[in-house]
Amino acid sequence: MIINQLTFLLLFCLLGWSGALIRPVPGISTSDRDGRTLHRTKRGWMWNSFFLLEEWTGTGKQYVGKLHSDMDTEDGNVKYVLMGDGAGTVFEIDENSGDIHATRRLDREEKALYTLSAKAVNKTSGLDLEKASEFIIKIHDINDNEPKFAKDTYVASVSEMSNVGAFVIRVTATDADDEAYGNSAKLVYSILQGQPYFSVEPETGVIRTALPNMIRENREHYQVVIQAKDMAGQMGGLSGTTTVNITLQDVNNSPPRFPHSTYHLSTPESAGIGSSVGRIKAYDADVGENAEMWYSILDGDGQDMFNIITDSTSQEGVITVKKQLDYESKRLYSLRVQVTNTHIDRRFEQLGPFSDTAIVRITVTDVDEPPVFSRTLYIFEVDEDTPAGSSVGTVSARDPDTINHLPLPTYSLALELNDINAIMPEMSCSLPQFSNHPIAKTIEIPSWLPVFIKVRDVNDNAPEFAMYYETFVCENVKAGQLIQTISAVDTDEPLVGHKFVFSLSSINPNFTIFDNEDNTARILTRRGGFNRREMNSYLLPVVISDNDYPIQSSTSTLTVRVCACDSRGNVQTCSTEALLLSAGLSTGALVAILLCILILLMIVVLFAALRRQKKKEPLIISKEDVRDNVVSYNDEGGGEEDTQAFDIGTLRNPEVIDTNKLRRDIMPEMLFPFRRSSPLKDNTDVRDFINGRLQENDSDPTAPPYDSLATYAYEGNGSLAESLSSLESAATEGDQEFEYLSHWGPQFKKLADMYIGQESQRET
């Protein structure tokens, strides 16, 4: 068929080329029938559209066609010029012959036609022999493009249990070839993979279900491969494929089912209300909202004692305690529980029922319960000052547990008063209650109950003054004048209220009392003319009684001072200052006496302090000579702390090293590496310690001056020069060698001269 198409195209092109040939040469005249001379008009060149196949595979340039003008006498004086779309690049023309060629392979999908123009030009004069005329070169299509889908992979879904032919998805492919020419772009769809579950419409690419009642629980995912083929699906056509992943959507076609017909649970009788007893679960093959379930109790003897709720997360039924359980009352309960789907699809009701039932048996286990009091609260009253051991009240309790299903006896506990001497309006105590089971019980469990004991008040305290009163009477007072208002308090707690009665213990010629009958009383004068020189104060006994039973009374004494007052009754001076004034002493005189006493005391203290001070001698008498001074102390070894040298405690215990003391002086400029070892081998611990400390101080920049001498508590083997005394020394002084003193430097030159000179004289 391709050969036939090529033959047709070649014939079509030849017809087009023949139209471009020159007609008879213009300018020749002929005679018509009437004998008239006819002149032919001048015509230019003529051609039709050119056609060219795309994707030419021949060698060399592809021939398109030939242009020829009737002005061309073929003497080589005419030149053909090509202009327009692709001239000189895609197409070229032979300027002498007018042959047109394509310079490269052409693709119709890239460009389907080219519009060009051509003209004939005189080579000598350069003038146009023919005006430029347009012509078209069309590119004929061949089947060189395969169909392509919009996506390499499609994702689709369809409900399970769908009927045959249910729409799933439509896939579309495109072909870049020319639809108007042949069947190069005519596509046919087919299914390569996915039978017998799905089918595709050949013309539209619509995918539909091919099997009825596909169940998601059996298979959920399918992969379908669709092919699109051009040339109307004939052999030799090009094709393309795509993959469609199809998922079956769940519908509620599976009812919930309990895996067991009977469940056994247990809970202690002490389980609180709302606590969980256990969980049961039904299974549904559906997913999502189609698998959501709801649990309920249909009937049973435990319907009033238990409840069931649905856990929306785990889709479980949780059985909880609804009322308090009692092992002694009932030990076994039975429930009939139902589970139902919350979302039911009416299309699949014939597959139901979408519910299931199961029996749940709950066993109540015994718990050793504490005893239970007969009352929830006990309140007792007792009088204060009740003797110890007196009975306050009785509480009773019972044990709810049983032995051989029989109730246990009730036990009571009597309260006795141990010690309630404090005055308290109310107090409480918690009584431990124990289950007294000698046989059946191995663990005693106490229970607690608050017992409130109210202490009743007894009138055993007498009233007294409410405060301390400072009462005075003026010398110029008149009879019957008020000098003080008094009140009283009582620590007892009366039933109604306090009622105090005020009176004087005896008739007083100076003062009298008036009871206001509101728990207060007024103190009045009986006379005037008081004189503080004769009597500066008066004692007034006041008797205060209460109205409770038994009546309590007390006598409180009110002190009334006599004072000097002005005409308005304002106090100026009272009895103490009046006595001082009578002795002839003024306030200024008293202040002067006190100052003198204070000055004498200060002089005595200063004199005693001066007597305690002692005059101390300076450690160094001469301030000029600081190199050859020897510091001496009163006590042997007592000056180490003053010179910041060694601690005497360190010498007594060589293992203790004082590293906290800092020296205030500097290290000598000259060091002496040579040291002569002690000839004696005993007391090595102290000697080694001092040698180490000496070497440490020699290299210490904060060491004491080199002209200082430190004295220690040890005499003898403690220093590098050995002992300077006769204790534990060698047998004779002649055994000692002092030659090493000459190596100690100029500081010890004088000492070396003394001992070496004495040794030389002794030898002489």
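**Cysteine pairs**

Modeller: The count comes to two disulfides, where a disulfide is a pair of cysteine sulfur atoms within 2.5 Å. Such a link is a covalent bond between the sulfur atoms of two cysteines. This is a predicted model, in which local features need pLDDT of at least 70, side-chain atom pairs count only at pLDDT 80 or more, and totals for chains, interfaces and linings use all residues. Residues are numbered from 1 along each chain as its sequence is written, and side-chain values use heavy atoms, without hydrogens and water.

Start with Cys474 and Cys565. Their sulfur atoms sit 2.0 Å apart, and the two residues form a disulfide. The angle about the S-S bond is -80°, and this link is left-handed. Now place the two ends along the chain. Cys474 belongs to strand β35, residues 471-474. Cys565 belongs to strand β41, residues 553-565. These are distant parts of the chain, 91 residues apart, and the pair links them. Strands (E, at least two residues) and helices (H or I, at least four) are DSSP runs, numbered from the N terminus.

Go on to Cys563 and Cys574. A disulfide joins them too, with 2.1 Å from S to S. Here the angle about the S-S bond is 95°, and the link of Cys563 and Cys574 is right-handed. Cys563 lies in strand β41, and Cys574 lies in the loop between β42 (571-573) and α2 (575-582), so this pair ties together parts that are 11 residues apart in sequence. Cys563 is buried, and Cys574 is buried as well.

Look at strand β41 again. It holds Cys565 of the left-handed link. It also holds Cys563, whose link to Cys574 is right-handed.

Next comes the pairing pattern. Number the bonded cysteines of the chain in sequence order, and the pairing reads 1-3, 2-4. In names, Cys474 goes with Cys565, and Cys563 goes with Cys574.

Definitions and conventions: Buried < 20%, exposed > 50% of the residue type's maximum accessible area, 1.4 Å probe, protein only.
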